[in-house]
Amino acid sequence: MSMPEADRPKPRPFSRYVLALIPLVVFGGIAATAAKMLYDQDFHGKNIADIPSALIGTKAPALNLPPLEGSNLPPLTDAAIKGKLTLVNVFASWCIPCREEHAILKELAKDSRLNIVAINYKDKNDNALRFLGELGNPYAAIGIDPNGKAAIDWGVYGIPESYLVAPDGTILYKRVGPFDDISLKEGLFPAMEKALGKPLS
């Protein structure tokens, strides 16, 4: 005896199975990317902080960020970096690696050939002022980026992050993560020497 048509179980639409697989595919892609990064780091000696940027060799995004109130520093605008070899550093008071690299930035700021400015990323004004009060201020200008829009324009992966910008506004070098002795000697300093046309003394 055959079952009435209305009582027969209806086959599930194929699209439901496809939708169920999407999260698994996305997770698999993320896991594969992370595994490749770890493999490259462990077996090929690659530094995962040296992430290439599509912006290198192109003009830096426009800057028009309001100042950090109470810092007595100018806002971060195009005028603050125009015609100068500039290191644009993205930092926040809540960022522990930012605190770790700050002493290096203060040393770099002693070189009159290098202009150091900052994008203060998703921070509270008082906390940023306290951070600079405790550790010192290596910056010639600071612009606040409370909603992270400027960071998106600059292609920021995570902070701290730094960009070396030529006097003509071309991005020459990018560092993801805090500076250390190796990244200075193998990354920033050679890029500065190339921009200046002579060795750093």
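**Contacts Inside a Predicted Fold**

Good morning. I begin with Arg113, which is partly exposed because its relative accessible area is 27%; buried means under 20%, exposed over 50%, and partly exposed in between, calculated with a 1.4 Å probe on protein chains only. The model is predicted, so local features need a pLDDT of at least 70 and side-chain atom pairs count only at pLDDT 80 or more, while totals for chains, interfaces and linings use all residues. Residues are numbered from 1 along each chain as its sequence is written, and side-chain values use heavy atoms, with hydrogens and water left out.

Let us turn to charged pairs. Side chains of opposite charge can pair when their charged atoms come close. The structure holds six salt bridges, each being a side-chain nitrogen of Lys or Arg within 4 Å of a carboxyl oxygen of Asp or Glu. In one of them, Arg113 pairs with Asp111, with the closest N and O atoms 3.0 Å apart.

Another joins Glu161 to Lys174, whose closest N and O atoms are 3.3 Å apart. This pair links distant parts of the chain, since Glu161 lies in strand 6 and Lys174 in strand 7 (residues 171–176), 13 residues apart. Here helices (H or I, at least four residues) and strands (E, at least two) are DSSP runs, numbered from the N terminus. Are these two partners buried or exposed? Glu161 counts as buried because its relative accessibility is 0%, and Lys174 counts as buried at 6%.

A further salt bridge, 3.3 Å from N to O, connects the side chains of Glu134 and Arg99. Glu134 belongs to helix 3 and Arg99 to helix 2, so the pair ties together parts that are 35 residues apart in sequence. Arg99 is partly exposed, at 38% relative accessibility.

Which residue in strand 3 is my next example? It is Asn89, which counts as buried because its relative accessibility is 0%. Its side chain makes polar contacts with the side chains of Tyr139, at 2.8 Å, and Ser162, at 2.9 Å. A polar contact is a pair of N or O atoms within 3.5 Å; within protein, one must be able to donate a hydrogen and the other to accept it, and residues adjacent in sequence count only if both atoms are side-chain atoms.

Finally, the aromatic rings. The structure holds four aromatic pairs: rings of Phe, Tyr and Trp (its six-membered ring) pair if their centres lie within 6.5 Å, with planes under 30 degrees apart stacked, over 60 edge-to-face and the rest tilted. Trp94 and Tyr121 form a tilted pair, 6.3 Å centre to centre with 55° between the planes. Trp94 counts as partly exposed at 47% relative accessibility, whereas Tyr121, at 19%, counts as buried. Thank you.
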